[in-house]
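Please read it beside the structure.

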Amino acid sequence: MSAPTTMTSAEPMTHRRTLEALSGLLLVLFVAMLSSTVVSTALPKIIGALNGSQTQYTWVVTATLLTATATTPIWGKLADLFSKKLLIQVAIVVFLVGSVIAGFSQTAGQLIAARAFQGIGVGGLQALVQVAIAAMIPPRERGRYNGYLGGVMAVATVGGPLLGGLIVDTSWLGWRWCFFVGVPVAAIALVLLQATLNLPTTRRENVKIDYLGAGLIAAGVSVLLIWISFVDGSFAWVSWQTAAMVGGAIILLALAVWVESRAAEPVVPLDIVRQHTTALAILGSLAVGMAMFGGAVFLGQYFQIGRGYSPTEAGLLTIPMMAGVLLSSIVAGRLITTSGKIKPYIVAGSIILVAGFALLGTIDHETSLVVVGVAMFIVGTGVGMTMQNLVLAVQNTVSLKDIGAASSSVAFFRSLGGTIGVSVLGAVLARRVSDQITHDLTAAGIPASGSSDGSSNLNITALPDGVQDIVRAAYGDATGHIFLISAAIAVVGVIAALLLRPVTLRTSLDLPDTATTTAVAADAIDGAPAFDQTSVDDAPKETTHRR
């Protein structure tokens with residue numbers, strides 16, 4: 001490590017150096033996305049093999065989202081205070097350990113716990129990659145690199161389900177390799193980051209991390225999600241359990257807001273969250289997260305259980321959605337870099353997302369795959385135009401020293417929306433499937449209580465032939481209903497996008513101050529390049545050096 005040196009400016013990196021640093025970051029992003037996509041098509045078989053329930057199926061996904069959500073603001077705050085490179089490497093190690101533990105799980109409960117631990121690392125990766133990119137590339141130029149991000153998202157989201165399907169369909173591998181497969185990729189990313197990523201690091205004395213606020217947020221969200229998972233099943237909507245859980249969650253979250261408003265170093269800075277653009281981007285991300293995660297996570301289940309396709313075939317059938325993400329993110333990113341305008345693309349993307357989910361809401365267990373494919377492509381197009389650009393809109397409004405907290409705040413609420421979306425839609429799906437199976441079994445003269453011989457409905461091959469048809473129809477028909485709910489949720493994102501102020505993205509890494517703006521204007525008049533290189537906030541007791 002080089003000796004500490006004081007930096008007076010945050011100079012944008014050259015295109016070559018940026019691509020070199022991006023190589024490791026994009027591989028990290030690929031690993032984080034692969035952790036969820038590789039199990040998406042394999043999860044029905046995994047839960048079936050572990051004899052798990054529909055609620056446990058939902059919690060395998062929710063557990064990762066929950067811990068990722070709870071830890072994202074902490075990682076973001078740490079990124080404003082310590083070495084971003086070191087933090088990314090720590091998050092990779094946590095992710096690796098969680099992956100290995102998940103691979104050795106013997107019960108659905110153990111798998112859920114392992115996925116929760118894995119989510120801590122995922123929370124760091126999804127926040128820190130965005131923060132590192134923001135520290136390297138000005139907002140105006142970042143649009144051209146969104147194509148690379150979109151490409152990684154598309155490859156991970158297309159390749160993940162395909163890889164997961166191949167793994168569980170290959171007898172000599174088995175489902176456990178869905179978790180082991182990410183280990184070597186993450187190890188390579190760890191080495192690559194060490195060689196390529198060099199970012200300025202700002203150290204401050206007397207640093208305080210608001211662990212109390214983070215703990216209250218995590219506790220409040222957890223209680224709320226536990227209530228969502230069990231209400232209307234284990235207890236009624238109007239009951240003392242509902243009152244205790246909902247009331248407790250409200251109290252915990254209210255205390256979290258109170259603590260955050262008084263903390264010296266809040267994990268979710270309220271002054272940033274209250275800004276017009278940030279508040280609307282958070283609202284839009286919350287809606288996009290609820291709709292996207294909540295709806296898309298059940299597509300693999302729809303194709304396998306509702307339509308009878310193998311995991312590999314289910315992975316292939318999700319390609320239209322990923323093609324939409326890839327194409328729209330590349331095209332929108334290029335257009336944003338050219339024009340500097342971002343609002344039109346966010347608005348268009350949010351409207352397209354609603355339209356895609358509305359079309360998916362019409363599907364059942366007999367819908368033409370062409371219709372399903374077109375609907376998935378439309379949804380992917382909407383996601384590609386909104387998800388990353390909402391983060392970019394926020395990063396454009398804050399100074400470089402606050403980029404970690406701002407970026408992680410958007411990622412936090414997007415993950416929170418996804419967590420709530422998966423839990424709510426999973427609970428709705430489980431209830432509708434259970435009711436329809438019971439109704440259809442009774443109509444067919446089959447005793448509902450003993451129809452499965454103790455087997456999980458997700459382990460469909462263990463069910464009698466007549467029961468298999470009933471279960472497939474129930475899952476296929478119920479899935480369309482949750483996509484309609486996703487469309488209704490996504491409307492909130494449209495409203496938030498419309499209320500965003502039209503802005504032109506800045507070309508500097510940091511917010512320009514008066515002196516710098518004047519100097520840049522003078523240079524431009526003299527014929528110097530008009531590309532801003534603004535100063536980093538050089539507060540007392542702060543030393544910046546390269547790591």
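1. Basis. This is a predicted model, in which local features need pLDDT of at least 70 and side-chain atom pairs count only at pLDDT 80 or more, while totals for chains, interfaces and linings use all residues. Residues are numbered from 1 along each chain as its sequence is written, and side-chain values use heavy atoms, with hydrogens and water left out.

2. α4 and α5. Helices here are DSSP runs (H or I, at least four residues), numbered from the N terminus. Helix α4 covers residues 84-103 and helix α5 residues 108-136; their axes come within 8 Å and cross at roughly 155°. Axes are lines fitted to C-alpha atoms over the stretch in contact, and angles run from 0 to 180 degrees between N-to-C directions. The two helices are therefore roughly antiparallel (an angle over 145 degrees). Their crossing is left-handed, that is, the near helix is turned anticlockwise from the far one by less than a right angle. The residues of this contact divide into 19 nonpolar, five polar and one charged. Nonpolar covers Ala, Val, Leu, Ile, Met, Phe, Trp, Tyr, Cys and Pro; charged covers Asp, Glu, Lys and Arg; the others, Gly among them, are polar.

3. α4 and α8. Helix α4 also packs with helix α8 (residues 182-196), at an angle of about 165° and with the axes 10 Å apart. This pair is therefore roughly antiparallel too, and the crossing is left-handed. Residues in contact (heavy atoms within 4.5 Å) include Ile88, Ile92 and Leu96 of α4 and Ala186, Ala189 and Leu193 of α8. By class, the contact has 12 nonpolar, four polar and one charged.

4. α13 and α17. Helix α13 (residues 299-306) and helix α17 (residues 369-395) have axes 13 Å apart and an angle of about 170°, which makes α13 roughly antiparallel to α17. Leu299, Tyr302 and Phe303 in α13 meet Leu369, Val372 and Met376 in α17. This contact has six nonpolar residues, no polar and no charged ones.

5. Core. Which residues touch the most other members of the largest nonpolar core? They are Leu25, Val28, Ile46, Ile88, Ile92, Leu125 and Leu360, out of 150 residues. Such a core joins buried Ala, Val, Leu, Ile, Met, Phe, Trp, Tyr and Cys residues through side-chain atoms within 4.5 Å, buried meaning under 20% relative accessible area with a 1.4 Å probe, protein chains only. Helix α5 gives the largest share, 14 residues.

6. Val28. Leaving out residues up to four places away in sequence, Val28 touches Ile88, Ile92, Leu125, Val129, Ala189 and Leu193.

Conventions
Parallel < 35°, antiparallel > 145°, perpendicular 65-115°, else oblique. Buried < 20%, exposed > 50% of the residue type's maximum accessible area, 1.4 Å probe, protein only.
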